[in-house]
Amino acid sequence: MIAQLSEEELELAAQSSYAYWKYSQSCSSPSSELREKMAMREANRYFLAANRDQSKALEYLRKTCTYRQETRVDILRACFDKDFCFANEQDRDLAATFRARILQDTASQPIVVHGRDKADCAILRIGERHCSKTDDQEFLTTQLYMVERALAATEANSMGCQDMMVVFLDAGCFQSKCAPSRTILKELISILQNHYPQRLKTLLVLDPPLWLRSMYAVLSPALDKRTRQKFQMAKGKKAKRRVFGEIVKEEESDMEDELDLRQYTSEVPFHCSYDEYRQRDERSRETMHRGEVLVQ
């Protein structure tokens, strides 16, 4: 199937891998063998999503190549990277726009890659939204940025053996007046289904209120059958404990009550989860402290 892609399409398909994209930004140019290998992984996801219809899979893959190019996913990935070399001032300005949108939206709703499941798939954790006004572009940019981070973390966690993410939505205190519009939610669902096929492993909604269950009933017809089967809801401590036990590694820590989202976006490497970075940072400080004690 990838033999029918142009050189540009082949490169864009391969860049769905964050590791490949990051490597392609270095001085070394990726080999044609590596490019084809990573493009084949992306093509296989479309092949499965299209029920093994190669012509449909190729059509969908080409549309995604165009989408990623037009929406500048590369700039979205790099918007907080202080060391990234932007090609021109226009790209630099676009990165600043993306950055401002994400910082504004995360001030209204905590969202962070935190932990991994038993198969080393990254967990994207989304807290309740506490602002009654949602800017559609800020919301959409933030969701897609965090999806890209979650997939990059899965790739790093599993050394490229896994390519899915798990999503936890904590809806216990989520009020209906703070919910994004159905229009932008439908647009987000459409983007994820069309341009990120076979990427969602599980979406777990914790303590869903009645209004959210009703909204899901309205939106679920827009989901394909395979995606609907990945949705789970758990209400109450016993149910949540059971589902957590099925998904999450025993040693995984709970998400901190106070998240420093500015630190997460600006300091934590794109492919790292927040908890692992914090643990590493704490170990580093402990090592530094022991060294200072020894010097004294």
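Okay, ground rules. What we have is a predicted model, where local features need pLDDT of at least 70, side-chain atom pairs count only at pLDDT 80 or more, and totals for chains, interfaces and linings use all residues. Residues are numbered from 1 along each chain as its sequence is written, and side-chain values use heavy atoms, with hydrogens and water left out.

Let's start with the rings. Rings of Phe, Tyr and Trp (for Trp, the six-membered ring) pair if their centres lie within 6.5 Å; planes under 30 degrees apart are stacked, over 60 edge-to-face, and the rest tilted. How many aromatic pairs does that rule give? The count is 10. Take W21 and F84: their ring centres are 5.9 Å apart with the planes at 20°, so this pair is stacked. It also links distant parts of the chain, since W21 is in helix α2 (residues 18-24) and F84 is in the loop between α5 (73-78) and α6 (89-106), 63 residues apart. The helices here are DSSP runs of H or I, at least four residues, and strands are runs of E, at least two, numbered from the N terminus.

Buried means under 20% relative accessible area, exposed over 50%, and partly exposed in between, using a 1.4 Å probe and protein chains only.

Then there's Y264 with Y274, an edge-to-face pair at 5.8 Å centre to centre and 80° between the planes. Y264 is in helix α12 (residues 261-266) and Y274 in helix α13 (residues 274-295), 10 residues apart. Y264 is buried at 0%, and Y274 is buried at 1%. Y264 has another neighbour: R149 lies over its ring face, 4.0 Å from the ring centre. For that call, NZ of Lys or CZ of Arg must be within 6 Å of the ring centre and within 35 degrees of the ring normal.

Back to W21 and F84: ring pairs link them with Y18, F80, F86, Y145 and F270 into a cluster.

On a 1 Å grid over the protein atoms alone, a cavity is a set of points where a 1.4 Å probe fits but cannot get out, while a pocket is an open set with protein on both sides within 12 Å along at least five of seven lines; lining residues have an atom within 4 Å of a point.

The largest cavity has a volume of about 60 Å³. Its lining includes E42, R45, E148 and H195. Which helix gives the most to that lining? That's α3, with 3 residues.

The largest pocket holds about 1,200 Å³ of space. It's lined by 46 residues, with I189, L192, L203, L223 and F231 nearest its centre. Helix α8 (residues 182-195) gives the most to this lining, with 7 residues.

Last, cysteines. A disulfide is a pair of cysteine sulfur atoms within 2.5 Å, and the count here is 0. For C161, the nearest cysteine sulfur is that of C121, 11 Å away, and C161 is exposed at 63%. For C272, the nearest is that of C79, 16 Å away, and C272 counts as buried at 7%.

How values were computed
Grid points are joined across faces, edges and corners, and a volume is the space filled by probe spheres set on the points.
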